[in-house]
Amino acid sequence: MITAPINQTANAGAPVQASAIPSSTKQSTVIFDHAPDRDKKFHWTIPLVLLIAPPLAWGALTFTQPVSLPTLLRIQFTLQAATATFAALIFLASWESFQVERFFARFVLAVAFGNVALLATCRLLFFDGLSAPLKLHASFQVIDLAIITHLLVTGALAFMAFWPNKRLHRLQVKPMVRAAALALTVITGAALFAYHQFVSTFVFIAAALPPLGIATAVGLYVLGIIAAWRGRESVSGYSGANLIPAMVLLLCSVLFLAATQLWTPQTILLADAYRLAGFALILHYVFIIGLREPYRRLSASQRHLQDNMAAQRRMERAVAESEQRFRQLFEKSPAMMLLIDAADGKITDANEAAVKFYGWSRSQFQNMHIWDVNTLPRQELVKILSDVAVGDENHFVFQYRLAQGEVRDVEVCSVCLDFQGRKIVFSISYDVTARKLAEDNLRLFKQAVESTMDGICIVIAEASVPNPSIIYVNPAFEKLTGYKLEDIKGKNPRFLHGPQHNQPGHAIIRDALRNGHACETVLLDYRKDGTSFWVNLHLAPVCNQRGTITHWVSVESDITKQKQNESELEQLAFYDPLTELPNRRLFMDRLTQALATSRRTGQHGAVVFMDVNRFKNINDVCGHEVGDHLLIKLAKRLAHCQRGEDTIARLGGDEFVLLLSNLSSDPNTTTALASTVTERIRKAVCDPIKIGDYEHEISLSMGVTIFPKGADSVSDLLKQADAAMYKAKDSGDNSTGYFEPAMQAAAQVRMSVEHDLREALVRQDFRMFLQPQVDQNGTIVGAEALIRWRNKEGGLISPMTFISVAEDTGLIIPMDTWMLEQACLAIRRLEVAGSNIRVAANISARHFRVTDFVDRVKTAVEASAIDPDHLTLEITESVFLNDPEDAVSKMNQLRHTGLHFSIDDFGTGYSSLGYLKKMPLSELKIDRTFIQDAPTDPNDAALVEAILAVAHHHDLSVVAEGVETVEQVEFLKVRGCLIFQGYYFGRPVPAEEFLSQLISGSTPAVAHSV
């Protein structure tokens, strides 16, 4: 609502409306720039002409016709008169310029040229034709005056060049004027009325020392030229470049004076010509700066005045236009605008946007106060209005109440205007309810980002930024990497990757950055302290409204522990935990790759199977801890024998295997190279291995097979090397065997036996046979239970075929258990029949070492309800090698139940006879190998006699097994052996047959009586 023009005077109490407030009350001020518009360029045409004209004129005058002395004097007189005139003009121009700007250099110039004018006037009086007292009688007197002139001029010009802008204070002017006037009077008087005294005092000094005077003048001119060149950019009105041509001409004048030792009128004439040319340039110079410059300044001031008047008119028009724009802005602005009286808080006007937003009409607004809209208390709003009135604060965020009662968040910008003695607050407000909600959400999201345990990094990715750089990281990222935001802000995140610039994850990230999609990968990063850590990185782009990627956000989770677990699992899965060598799984994988490569390239390789000889004895005697230390040191020695591309692995126990790949394309050469490697291994392990206080000497049996050959698989190769190793064992310790087809056949037979043996255990294809034990009377006093295996065809398989396989595979344990149960059942049948003979059951060392062996035996005895006294367990000496104390303990526990123990194959093991006194034994069984040749071999006879003596000493029964001849029987009877077992007395027969005959009263047939 526009109710008054801009210049209309409103009543003091009337409401102030937007149309009555001028948009600007500030008047512009015209600023006159008194700086002269100087033209610093200097045209060199005139100086060049003045420099060249005198010698050209003199040359033309000299060569065309001879010049007489009077003519030269007239020319010189003319030049001298011009010099005096120019010097006087320079004096006047310099003095006028000094009076305007008070520059000390201009005062010096005026004084110097005033003296030069007087001296030039004096010199005019000395020419021929004048009165005698004033005539110049000698040419050197002319030279003296010229030198004095140059000293005055060059001193003044040098002062102009060095200190062109030094000003004089008003108090300094009058004394200097008096001193200058006095100096001029003295010099003039001396020149005119006391010539001889003047010459003797001043001129003759230069005449006596003409080189010194000329040199001084030349030096000052040179220094003046240098200083003028350095000050050529001066803005004081004295451009150094304008002084240089004048000083060059004056320097030429001095040089002509010094051109020859014999002064002639011609040289003096040229010196005067150059001096006159220099004075002309100086006159031009001081005329411009001393006389014409003020007029130029006046003209410039007039132009500035006209420009300022035009600017004032433009400003008035702009004010009017501005007021019109303000009225339009107030009415049509989308922002809510209010005019508020700062004194009483009354709203004097509101624009259409405010009316529409708040819901009150303009007339309603003019009857309201600001606290009718603002939700703050009245006292607080009065305080805010007073602060705005004095300019202390002008930006607020309030809650405004709408006409409908809704409360909205409003951002207010206020400014106080002075209008006819009243302070009016011009308030512009914006609805920021949605922004406040967005800010709250942003604050919430920021808190969530800063509270998360994952590291978050934001990188700018605008096209204007050539190198993407970090702009934000959250506290979790700082904790994870050790870098603060200020340390890495602006850097490329690639620096976190350290030297690892070719990680697999980098290709994934580059593809995501190139194609603008999210990605997830795993990277190895480095902390600030240099330690490495693994992160799971999720990278996602952030786009603007146009779909352009502006930022990238990465979320990093520390998975170092997970990686360590994976590494440990990999170590457990692919490496032997004891020696840290590759295990069977990893070896088979590498052998598969080597075999495929060998078939493709034609290069042969080799597999070396190694077994530690008698390692079981070391374990049994020294314990497993010593054995483990020995295997660790052996593994290190073996590792030093392999090439970088080879693989040495531990398959288990004391078995190692070495893969040699890419040896040669020739099989024979490959075999030779493999032999070289095995020999190197043999030398490496031959030195004793010290563990604790003991040194252990070990040797290896090695088997070698070459690949590829035919369609052999990796399993076949390993079996072949294993078979070759066993062949080496048969050849003796520390031997190397090479695979042959027959060895493979034997290995296949062994595998077939193992397979069939497992099936036989399931089908219970075993049978128990009993072989009688008789005394010296031929009476059966016991029987040994022997296992037999009936194959699918019904034939019996010799124990020599399957017992060793059962021992190696552990199948001997269920077989022993079955035989023990069958022996107990046989004893039960005998007890029921009233027989008291003992039945002996063989127990393997592997079964005996089982932890619950004692419980197993007790269970079998209790289940059959037999008298333990009728059961004898036959064990070998090897059960004592591993843990003698444990073996004795188990035997004592079972001996207390009543059963008996017998040492089978006594004399063939490694146990000490000292253990006999600790073992709860009932009998010894002499091995058949000693019995066979005892009648004829003194050594075997001595061994048998020793065993019988030991048994008698310990009160043990002795059973001689393998008795097959009468000579053996007689040999044993004579030496006190009481019980015999062997084919001489009876072969093993099925248990059912043996028991039936024994129970029926028909004793089983005995081949021979004793």
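**Entry 1: conventions**

I take buried to mean under 20% relative accessible area, exposed over 50%, and partly exposed in between (1.4 Å probe, protein chains only). The model is a predicted one, in which local features need pLDDT of at least 70 and side-chain atom pairs count only at pLDDT 80 or more, while totals for chains, interfaces and linings use all residues. Residues are numbered from 1 along each chain as its sequence is written, and side-chain values use heavy atoms, with hydrogens and water left out.

**Entry 2: the chain overall**

I began with the totals. The protein chain has 33 helices and 27 strands; these are DSSP runs numbered from the N terminus, helices being H or I of at least four residues and strands E of at least two. Of its 1010 residues, 45% are buried. I noted an accessible surface of about 51400 Å², with 57% of it belonging to carbon and sulfur atoms; the areas come from the Shrake-Rupley method with a 1.4 Å probe, and for residues only the protein chains shown count as cover. For contacts (heavy atoms within 4.5 Å), I found that residues 24 or more positions apart account for 63% of those with a separation of 6 or more.

**Entry 3: backbone geometry in loops**

I looked up the loop residues with a positive phi. Gln-764 is not a glycine, yet its phi is about 55°. Gln-764 sits in the loop between helix 23 (741–763) and strand 18 (766–775), and its relative accessibility is 38%, so I class it as partly exposed.

Ala-865 also has a positive phi, near 55°. Its place is the loop between helix 27 (853–864) and strand 22 (871–875). I class Ala-865 as partly exposed because its relative accessibility is 48%.

I then checked a peptide bond: Phe-707 and Pro-708 are joined in cis, with omega about 0°. Pro-708 belongs to the loop between strand 16 (700–707) and helix 22 (714–731).

**Entry 4: strands 8 and 9**

Why is strand 8 described as largely enclosed by the rest of the structure? I found that six of the eight residues of strand 8 (residues 519–526) are buried. Strand 8 pairs with strand 9 (residues 532–543) in the antiparallel sense over eight bridges, where pairing requires at least two DSSP bridges between the strands. I located Tyr-526 opposite Ser-532 in strand 9. The two strands form a hairpin with five residues between them, and Gly-530 in the turn has a positive phi of about 95°.

**Entry 5: Ile-471**

I placed Ile-471 in strand 7 (residues 469–473). Its relative accessible area is 31%, which means that it counts as partly exposed. Leaving aside neighbours within four places in sequence, I listed its contacts as Ile-458, Ile-460, Leu-485, Lys-489 and His-551. Glu-486 is 15 residues away from Ile-471 along the chain, with 9.5 Å between their C-alpha atoms.

**Entry 6: salt bridges**

Side chains of opposite charge can pair when their charged atoms come close. I counted 28 salt bridges in the structure, each being a side-chain nitrogen of Lys or Arg within 4 Å of a carboxyl oxygen of Asp or Glu.

Asp-440 is bridged to Arg-443, with the closest N and O atoms 2.7 Å apart. Both residues lie in helix 13 (residues 433–451), three residues apart, about one turn of the helix. Asp-440 is partly exposed, at a relative accessible area of 36%.

Asp-646 and Arg-643 meet at 2.8 Å, N to O. I recorded Asp-646 as buried at 7% and Arg-643 as partly exposed at 30%.

Asp-765 and Arg-763 form a salt bridge whose closest N and O atoms are 2.8 Å apart. Here Asp-765 is buried at 15% relative accessibility, whereas Arg-763 is partly exposed at 39%. I also noted that salt bridges with shared partners join Glu-784, Glu-874, Lys-925 and Glu-961 into one network.

**Entry 7: Asp-816**

I placed Asp-816 in helix 25 (residues 812–832). A polar atom of its side chain lies 2.7 Å from the backbone nitrogen of Ser-844. Not counting residues up to four places away in sequence, Asp-816 touches Asn-842, Ile-843, Ser-844 and His-847.

Technical notes. A polar contact is a pair of N or O atoms within 3.5 Å; within protein, one must be able to donate a hydrogen and the other to accept it, and residues adjacent in sequence count only if both atoms are side-chain atoms.
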